[in-house]
Amino acid sequence: MPKLPIIHATRDVSDSRFLQVEQLDLEFSNGVRRTYERLKGSGLGAVIIVPMLDDDTVLLVREYGGGVGRYELGLPKGRLDQDETAEQGAERELKEEIGYGAHKLKILHNLSLSPSYMTHMAHVVLAQDLYPEKLAGDEPEELEVVPWKMSELHTLLGRDDVTEGRSIAALFMAREYLAGRFQRT
């Protein structure tokens with residue numbers, strides 16, 4: 001396991017380059033009024049990619065999660081750039097994070113992180129027919145690529161370093177799609 005980064009300082013930020021807090025004054029059908037707060041993403045959305053090396057092997061990455069203060073094992077993911085489609089963003093993130101491109105990309109569905117207070121949505125993209133190609137990314141350190149058998153997905157869930165909900169949901173979506181049991185309606 002990599003050594004954890006050193007935290008030199010923490011501070012509250014009202015707005016950041018990624019997130020802003022927005023208030024919503026709502027009135028429900030029963031007349032009850034509430035003010036909700038939500039985090040408003042500043043980007044164009046994101047992608048979370050399920051890269052299949054073969055019919056049973058998915059490529060995961062070990063990456064530092066600043067929110068939880070430890071390394072997590074999950075899927076490659078990232079924000080979409082200006083004028084970039086979900087497929088283009090998935091292809092770029094694959095090359096940056098795991099050193100592969102994909103000849104076949106399929107958007108399976110979208111995921112929200114916490115719809116009660118976040119506007120953020122991520123496109124779940126299945127990547128197949130991989131080929132080696134590396135692009136420089138924005139990660140502060142090289143990401144460890146960890147192959148995992150989809151047939152052993154149930155054992156992945158028991159790991160302490162696998163807690164990121166979008167990765168877990170995307171892996172199950174991909175498994176069900178590949179088995180012919182899931183289609184977006």
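Me: Why is Tyr71 called buried?
Reply: In this predicted model, Tyr71 has 4% relative accessibility. Buried means under 20% relative accessible area, exposed over 50%, and partly exposed in between, with a 1.4 Å probe and protein chains only; Tyr71 therefore counts as buried.

Me: What makes Tyr64 and Tyr71 an aromatic pair, and why is the pair called edge-to-face?
Reply: Rings of Phe, Tyr and Trp (its six-membered ring) pair if their centres lie within 6.5 Å; planes under 30 degrees apart count as stacked, over 60 as edge-to-face and the rest as tilted. The rings of Tyr64 and Tyr71 are 5.5 Å apart centre to centre, with 65° between the planes, so the pair is edge-to-face.

Me: Why does Tyr64 count as partly exposed?
Reply: The relative accessibility of Tyr64 is 25%, so this residue falls in the in-between class.

Me: How many aromatic pairs does the structure hold?
Reply: The structure holds two. Phe28 and Tyr36 form a tilted pair, at 6.1 Å centre to centre and 45° between the planes. Phe28, at 37% relative accessibility, is partly exposed, and Tyr36, at 36%, is partly exposed too.

Me: Which residues line the second largest pocket, and how do they divide?
Reply: The lining consists of Pro5, Ile6, Ile7, Thr10, Tyr64 and Gly66. Four are nonpolar, two polar and none charged, where Ala, Val, Leu, Ile, Met, Phe, Trp, Tyr, Cys and Pro count as nonpolar, Asp, Glu, Lys and Arg as charged, and the others, Gly among them, as polar.

Me: How are the residues numbered, and which atoms and confidence limits apply?
Reply: Residues are numbered from 1 along each chain as its sequence is written, and side-chain values use heavy atoms, leaving out hydrogens and water. Local features need pLDDT of at least 70, side-chain atom pairs count only at pLDDT 80 or more, and totals for chains, interfaces and linings use all residues.

Key. 1 Å grid on protein atoms, 1.4 Å probe; cavity = no way out; pocket = protein on both sides within 12 Å on 5 of 7 lines; lining within 4 Å.
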